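The following exercises are to be worked with the sequence and the model in view. Each task is followed by a solution in steps.

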Amino acid sequence: MKKLCTTELLSEKRVRSLRPVREEEVGKLMKLIGGEAGGGGAVNLSRLLFAVSNMITSRTAFGTIRELEGSFLPGIIDEHVSRKRRRRETEDHDMAEGAEEDDNDDDDLVDVLLASTNNHVEVKAVILVSDSSPIAVEWTMSELMKNPEKMEKVQREVRHFFDKRGEGAVVDEALLNELKYLKSVVKETFRLHPPAALSLPREGPETVVVNGYQIPSRTRVIVNYWAIGRDPSHWTQPNQFIPERFLDTCIDYRGFDFQLLPFGSGRRVCPGMNYGTAVVYSLLANLLYRFNWELPNQIKPQDLDMSENFGGAISRKKNLYLIPIPYHAP
Ligand code: HEM
């Protein structure tokens with residue numbers, strides 16, 4: 001059931017169908033930043049990214065627009081999950097008696113999650129922590145600010161792309177073949193800063209031998225994806241941000257190349273991968289196309305603080321403040 005739901009409802013098709021929501025919310029964010037730009041002041045990009053991501057999650061998870069207020073999510077999730085659970089329970093019951101389904105209440109992300117677990121707390125937790133997309137965008141922008149020549153290179157590519165296709169062009173997986181450097185930049189960010197550094201815990205039902213180590217059955221195993229991405233036996237100059245390393249390889253983050261596993265792999269691979277990366281590419285392409293970016297307070301690129309905050313997910317410890325300068329197509 002879980003497999004069916006995740007492959008159907010968080011599938012590429014579903015993610016494509018959620019595109020208008022994404023585009024609209026990203027558009028609003030660009031307008032907001034545009035309004036701030038020109039004054040020469042810095043914006044708190046971290047806060048804005050988390051706000052827009054909450055907005056997109058709210059609209060896709062609950063199928064409706066909710067007010068964006070500081071602590072809006074937990075309460076709304078509680079109410080929505082309870083309602084959906086009640087609906088599932090009564091429907092199951094009514095359907096047994098031949099009642100028709102209420103088709104005003106479309107399936108949304110909460111239905112997908114409820115299909116895999118009936119545990120209210122688990123569903124709430126996944127909705128609250130599952131969206132690592134703003135973290136990925138935060139790290140990408142940070143690395144690009146630290147490496148101005150890479151920033152210039154990726155902006156050149158993105159601007160060439162949009163100047164040719166028009167501002168409203170949509171960046172989807174199919175078009176990423178044209179944005180090879182942007183894709184490499186994102187892969188390199190996922191390698192150095194996988195937002196979920198560790199896998200969820202698992203236990204094997206049988207004793208197995210891995211690389212000569214015997215792992216007894218029922219041992220709790222946690223995989224360190226962060227360490228894999230920086231393993232010097234797989235990566236040259238593992239701590240350097242070098243997107244070019246991906247230009248001539250097929251190494252991808254989808255779970256088949258074991259040296260790069262920001263979404264995990266196998267049966268427990270992240271079901272939100274398509275959804276998450278769609279948000280990442282949409283935000284990044286727009287931020288890079290529409291604005292040039294400067295560090296505030298004469299901070300030099302090499303001095304940008306890159307400390308990590310270790311919690312459920314690894315985000316920046318300090319918010320990223322940047323000065324936006326609008327870009328005008330020639
Ligand atoms: C850039 C964004 C994201 C990243 C980097 C990410 C990464 C991950 C990772 C590493 C895991 C653990 C895999 C393992 O245990 O080996 C995971 C699990 C999971 N993710 Fe994501 N995720 C992202 C976005 C999302 C989104 C948007 C959703 C939901 C809409 C989501 C839902 C889940 C769920 C439900 C699991 C648990 C799967 C299971 O235990 O079988 N994730 N994610």
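Helices and strands are here DSSP runs, helices of at least four residues and strands of at least two, numbered from the N terminus. The model is a predicted one.

**Exercise 1. The iron site**

Task: Identify which protein atom is the donor of the iron atom of the ligand, and state where its residue lies.

Solution. Step 1: A donor is an N, O or S atom within 2.8 Å of the metal. Step 2: SG of Cys270, at 2.3 Å from the iron atom, is the only protein donor. Step 3: Cys270 belongs to the loop between α11 (225-229) and α12 (273-290).

**Exercise 2. An aromatic pair**

Task: Classify the arrangement of the rings of Phe190 and Phe263, and decide whether these residues are buried or exposed.

Solution. Step 1: Rings pair if their centres lie within 6.5 Å, and planes over 60 degrees apart count as edge-to-face. By this rule there are 8 aromatic pairs. Step 2: The ring centres of Phe190 and Phe263 are 5.2 Å apart and the planes stand at 70 degrees, so this pair is edge-to-face. Step 3: The pair links distant parts of the chain, 73 residues apart: Phe190 is in helix α10 (residues 180-192), and Phe263 is in the loop between α11 and α12. Step 4: Phe190 and Phe263 are both buried.

**Exercise 3. Two packed helices**

Task: Describe how helix α8 (residues 133-146) and α12 pack.

Solution. Step 1: A packed pair of helices is described by the angle between the axes and the distance between them. Step 2: For α8 and α12 the angle is about 35 degrees and the axes are 9 Å apart. Step 3: Their crossing is right-handed. Step 4: Residues of α8 including Ala136, Thr140 and Leu144 meet residues of α12, among them Gly276, Val280 and Leu287.

**Exercise 4. Positive phi**

Task: Locate Gln237 and Asn297, and give the phi of Gln237 and of Asn297.

Solution. Step 1: Gln237 is in the loop between α11 and α12; although not a glycine, Gln237 has a positive phi of about 40 degrees. Step 2: Asn297, in the loop between β6 (291-294) and β7 (308-310), is likewise not a glycine and has a positive phi of about 55 degrees. Step 3: Gln237 is exposed, with a relative accessible area of 52%, and Asn297 is exposed at 68%.

Notes. Residues are numbered from 1 along each chain as its sequence is written. This is a predicted model: local features need pLDDT of at least 70, side-chain atom pairs count only at pLDDT 80 or more; totals for chains, interfaces and linings use all residues. Side-chain values use heavy atoms; hydrogens and water are left out. Donors are N, O and S atoms within 2.8 Å of the metal (3.2 Å for Na, K and Ca); water is not among the atoms, so sites may look incomplete. Rings of Phe, Tyr and Trp (its six-membered ring) pair if their centres lie within 6.5 Å; planes under 30 degrees apart count as stacked, over 60 as edge-to-face and the rest as tilted. Buried means under 20% relative accessible area, exposed over 50%, partly exposed in between (1.4 Å probe, protein chains only). Axes are lines fitted to C-alpha atoms, for helices over the stretch in contact, and angles run from 0 to 180 degrees between N-to-C directions. A crossing is left-handed if the near helix is turned anticlockwise from the far one by less than a right angle, and right-handed if clockwise. Contact means heavy atoms within 4.5 Å.
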